[in-house]
Amino acid sequence: MCIVSVISVISVAKNVCPNLVWSDLEAKKSMKLNFRVNGVEREIDAPPMKRLLDALREDLRLTGTKEGCGEGECGACSVIVDGEALNSCLAPVCQMQNANIITVEGLARDGKLDPLQQAFLECGAAQCGICTPGMLIAARALLDANRRPSRDEIKEAIAGNLCRCTGYVKIIDAIEQAASAA
Amino acid sequence: MQKFEYASPTTKEQAVALLGKSWGETEVLAGGTDLLSLMKDFIVTPKRVVNIKGIAELSLIRMPRNGSANIGALVTIEQLIDTLGRGFPAITDAAKGITSPQIRNMGTVGGDLLQRPRCWYYRAGFGLLPKGENGEPLVANGDNRYHAILGNDGEAKFVNPSSLAPALIALNAKIKIFGPAGGREVAADKFFVAPRSDSDREYTLEPNEIVMGISIPPTLGVRSATYEVRQKEALDWPLAAASVALTLDAAKKVKAARIALGHVAPTPWLAEAAAEYLTGKTINEDVAAEAGKIALAGAKPLSRNAYKVQLARVAVKRAILQAAG
C-alpha cells in the first residue's frame, strides 16, 4: 500500500561545499522535475519518492500505464525510459530529471497504430487487457534493440510481464508478426 | 511512506557526509527496486534518503587487458551483462538469473549486494530475527521452506539474497567501500555477516559508508560458472545457487578451486572443504557430485527445508561441470 505523504525535500545546490550537512540545506516539500513524455516536454512538482507510475497517471493523466502488483513483479506498469523498459512502480520520480519517457500512449503516431498494436489486434493478443500496455512496452523496447528477435528472445523480453489470462502464445505470435512486418 | 528528507549529492564525499552514524535513520537510494518496496511497506522508515545516482564515477566499468575488472556500484545488471561479455561467466550467469528485464535495467550491482533479505517474516514486519509475542523464534517453528540450511545455528535464519555475491567470492573479488576516512577494500567473502540483532545489518559496511564498486582480480585462465536451481524460470530468487572458479593445469587437473553457495545461509557460503577436495583431481561427474556432497556435509535443515540440501548439492555439481566445460 503506498501512501505518498508530504515530505520535506532538501535540494542540493550545484556549487555546494564538499562537506555538505543536512542542516545547511534548504528544505522543500517537493521538487520541480522536467522530463519528456512521448515527445512532449513536461514539468511537474512532486515529492521526490513519488513513483513515476503515479506521476504519469495522476499528474499527467496518462492512465494507459497500469498498476498491477506495485512490487516490480507483473510488469503492467512498464514504460521505456531512455531506451530501456523499466517498472514505473519502482522508479522514484526524483531519478527522472531530463529523462526521455515513452508510455503506451506514445506508441501510436498521427492516429496510426504502432505495428505492435496492430499485430496484437490481429492476433487476438489481449484478453482482459490489464497486461497489454506493459506487454506492448516490453515488446517495443525489444524491437527497438533487436529488429528480428527469435521466439526465445521474445519470451525473455516479456519475462517480466505477467498475463493472468495466460494468453502468452498469442502475445508472442503478435510480437513475432510485428517484427516480421517491420 | 512516512515523511523524510531527500538529498541528491554528486560526489561520494558529499554522499558520505550526509549519512548518519547509526543504521535506520538514513537510507541510500540507487536503483530503488528494493528501497521503494521496503519504504512502502514500512519495513524501513528512514528520516532521510540520499540518492547516489548522480555520482557519475560510480557508474563506470573498467576492464584492463589482464582480465581484471573494476565495476562501479551504480552499474545496472543489464549493463553488467552487456559489458562483461564472455570473460566472467560466473558473474554473467548469475546476473542473467536476476529477473525481469525491467528489474535488470533498474537494479544495480551495489543494490544486488545490499538488498535486504527476502525472508517473508522480515518482509511482513517481524524483523530480521523474527520473534513472536512471547519471544519465541518464528522461523524455526514456522514456515521455513525457503530459509537457511547452513550457518543457521544463530538467530539469523534468512538466506542472503544476493545473486552476484557467490560469483564474486568464487572469483576472489573485493568490495570497494568509501567512508569519512576515505576508501577501503574488503574481500567479498568477508563482507557479509549474520546479524546478531534486529538493528544490525547483513554486511560489514558502516552506516556512514557506501559501496563504491567491485574489484575482480585478473581472471585469465580461470574457468568459472554459476548454476542456480529455481522454482520458476522468471521473477524469483533461486532456491539454491553455486558459483565455481577453477584453474586447471596442462593435464586438466584442478590447480586451484573456489566454490561459493548462495541462498543457503544468512551469508554467501564459502565451501572450502569441497574446493580442497577438487584440487589435484580431474573433473568428471562423480568428482563433481562428491564435491557437492562435501559442500553440504554440515547442512542442518530446518523443519521444512531439507529438500534444499539436495538442490544445493546439485547446484555445486552442475556449476563445477559447467566451469570445467
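**View 1. Glu176(A) and Arg151(A) form a salt bridge through their side chains, with N and O 2.6 Å apart.** A salt bridge here is a side-chain nitrogen of Lys or Arg within 4 Å of a carboxyl oxygen of Asp or Glu. The pair joins distant parts of the chain: Glu176(A) belongs to helix 5 of chain A and Arg151(A) to helix 4 of chain A, 25 residues apart. Helices (H or I, at least four residues) and strands (E, at least two) are DSSP runs, numbered from the N terminus. Glu176(A) counts as partly exposed because its relative accessibility is 31%, and Arg151(A) counts as partly exposed at 30%. Buried means under 20% relative accessible area, exposed over 50%, and partly exposed in between (1.4 Å probe, protein chains only).

The model is predicted: local features need pLDDT of at least 70, side-chain atom pairs count only at pLDDT 80 or more, and totals for chains, interfaces and linings use all residues. Residues are numbered from 1 along each chain as its sequence is written, chains are lettered from A and ligands numbered from 1 in the order in which they are written, and side-chain values use heavy atoms, with hydrogens and water left out.

**View 2. A salt bridge connects the side chains of Arg118(B) and Asp34(B), at 3.3 Å from N to O.** Arg118(B) sits in the loop between helix 6 (109-114) and helix 7 (120-126) of chain B, and Asp34(B) in the loop between strand 2 and helix 2 (35-40) of chain B, so the pair ties together parts 84 residues apart in sequence. Arg118(B) is partly exposed, with a relative accessible area of 28%. Asp34(B) counts as buried, at 9% relative accessibility.

**View 3. Asp189(B) and Arg258(B) form a salt bridge whose closest N and O atoms are 3.3 Å apart.** Asp189(B) is in helix 10 (residues 188-191) of chain B and Arg258(B) in strand 11 (residues 254-262) of chain B; this pair links distant parts of the chain, 69 residues apart. Asp189(B) has a relative accessibility of 26% and therefore counts as partly exposed.

**View 4. Lys50(A), Glu58(A) and Asp59(A) are joined in a network of salt bridges.** Over all chains, a search of the whole structure finds 29 salt bridges.

**View 5. Three strands of chain B make an open sheet in the order 1-3-2, with parallel pairing.** Strand 1 (5-7) and strand 2 (26-29) of chain B are the edge strands, each pairing on one side only. From one strand to the next, the twist averages 20 degrees (axes are lines fitted to C-alpha atoms, for helices over the stretch in contact, and angles run from 0 to 180 degrees between N-to-C directions). Three bridges connect strand 1 of chain B with strand 3 (residues 48-51) of chain B in the parallel sense; two strands pair if DSSP finds at least two bridges between them. Val50(B), in strand 3 of chain B, is the bridge partner of Ala7(B).

**View 6. Gln117(A) lies in helix 2 (residues 115-123) of chain A.** With a relative accessibility of 14%, Gln117(A) counts as buried. Apart from neighbours within four places in sequence, Gln117(A) is in contact (heavy atoms within 4.5 Å) with Val104(A), Leu107(A), Ala108(A) and Leu136(A).

**View 7. Thr166(A) is located in the loop between helix 4 (151-157) and helix 5 (168-181) of chain A.** Thr166(A) counts as exposed, at 59% relative accessibility. The C-alpha atoms of Thr166(A) and Gln127(A) are separated by 9.0 Å, the two residues being 39 residues apart along the chain.
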